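Dear colleague,

My notes on it follow directly after.

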Amino acid sequence: MGGTNVWDAEWEVNEEQARTLIGRQFPQLSSKQVKRLGWGWDNTVFLIGDEYAFRFPRRTIAVGSIRMEGKLLPKLEAYMTIPYPKPLFYGEASNEYPAPFLGYAYVPGNFPIGLTEERRALSAETLAKFLRRLHEFPVQAALKCGVQQDHRSLTEIASRKVKLEGFLSKVVEHLSPEESCVIETYISRLQTDRVEAVNALLHGDLHFKNMLVNENGIVSGIIDWGDLSVGHPACDLSVAYSFLPPYARGVFFETYGGADEETKLLARLIAVYIPVLILMQAVDDGNEAIAAEAKSNIMRALSD
């Protein structure tokens, strides 16, 4: 990342530093155990005791997103039908650490990896109700909180298709001939260049690494809201293809309130696109379980 400016660098936060930073600003938490839960491109996450999770930005680009989450996530409470991490503690930047950080109610659960199709189907209505309510949130109120509007050009299918082909060439040796064939056939048949823009408040990154399920495999938490944005609902509706088996999609869309063919076409494309990105990352990390799950998401998205 380089550069001499502190804002250009990645700041790593370890458990000891997190304990100090949290204890200094929130003394009521200072006796609790601090454990690193995980880290992504933008944030490092710590579990505090067993009831709070704190996210520390690792990069400048993540700071605006943390500020926006802090403003908007509490406003979503009345719209939420699935548990989500509601911000409770607002950490300020200081000499020790150059960015704001957020503490949330911890949402327990497991990632939905390796679930049977029958288990997945059980969440069709749960997911549809969740998205119906989320997409009803007033767009103007979201924009006032600093949410970005269609910064990813979701409706431009032609350019996304080109990107997808580029990504696939990087992971093709990790796919079986059958998988490659199914994906290539799909891409070659995708003739639509763009769809009409529609604006709704989106989670923006709804996939198996940002969803939690309970012991019955039913979706019980939606996490990582750093990609909250305003754009085409198909972005979130992609879970109907990547997560749900084909026979559960009818009930999903019926419960959601319907979707036109353009929306479904774009939702399916994003249901292939996101897992391809996850697959690339998993191959880089040598994470076979995540790679296998990403592949099964792609194949599910392309099955009818």
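Helices here are DSSP runs of H or I with at least four residues, numbered from the N terminus. Please bear in mind that this is a predicted model.

Helix 2 spans residues 61-72, and Ala62 belongs to it. Ala62 has a relative accessibility of 3%, and because buried means under 20%, this residue counts as buried. Leaving out residues up to four places away in sequence, Ala62 touches Asp42, Asn43 and Pro57. The C-alpha atom of Ala62 is also 9.9 Å from that of Asp227, although the two residues are 165 apart along the chain.

Helix 4 (residues 124-134) packs with helix 10 (residues 249-256) at an angle of about 30°, the axes being 8 Å apart. Helix 4 is therefore roughly parallel to helix 10. Their crossing is right-handed. On the helix 4 side, the contact involves Ala124, Glu125, Leu127, Ala128, Lys129, Leu131 and Arg132; helix 10 contributes Val251, Phe252, Thr255 and Tyr256. By class, these comprise 7 nonpolar, 1 polar and 3 charged residues.

The largest nonpolar core has 78 residues, of which Leu72, Leu76, Phe130, Leu131, Leu201, Trp225 and Phe252 touch the most other members. Helix 11 (residues 261-285) gives the most to this core, with 13 residues. A second, separate core of 18 residues includes Ile22, Phe26, Leu29 and Phe89.

Beyond its neighbours within four places in sequence, Leu131 is in contact with Leu206, Asp236, Leu237, Val239, Phe252 and Tyr256.

With kind regards

Terms used. Residues are numbered from 1 along each chain as its sequence is written. This is a predicted model: local features need pLDDT of at least 70, side-chain atom pairs count only at pLDDT 80 or more; totals for chains, interfaces and linings use all residues. Side-chain values use heavy atoms; hydrogens and water are left out. Axes are lines fitted to C-alpha atoms, for helices over the stretch in contact, and angles run from 0 to 180 degrees between N-to-C directions. Helices (H or I, at least four residues) and strands (E, at least two) are DSSP runs, numbered from the N terminus. Angles under 35 degrees count as roughly parallel, over 145 as roughly antiparallel, 65 to 115 as roughly perpendicular and the rest as oblique. A crossing is left-handed if the near helix is turned anticlockwise from the far one by less than a right angle, and right-handed if clockwise. Contact means heavy atoms within 4.5 Å. Ala, Val, Leu, Ile, Met, Phe, Trp, Tyr, Cys and Pro count as nonpolar, Asp, Glu, Lys and Arg as charged, and the others, Gly among them, as polar. A nonpolar core is a set of buried Ala, Val, Leu, Ile, Met, Phe, Trp, Tyr and Cys residues joined through side-chain atoms within 4.5 Å. Buried means under 20% relative accessible area, exposed over 50%, partly exposed in between (1.4 Å probe, protein chains only).
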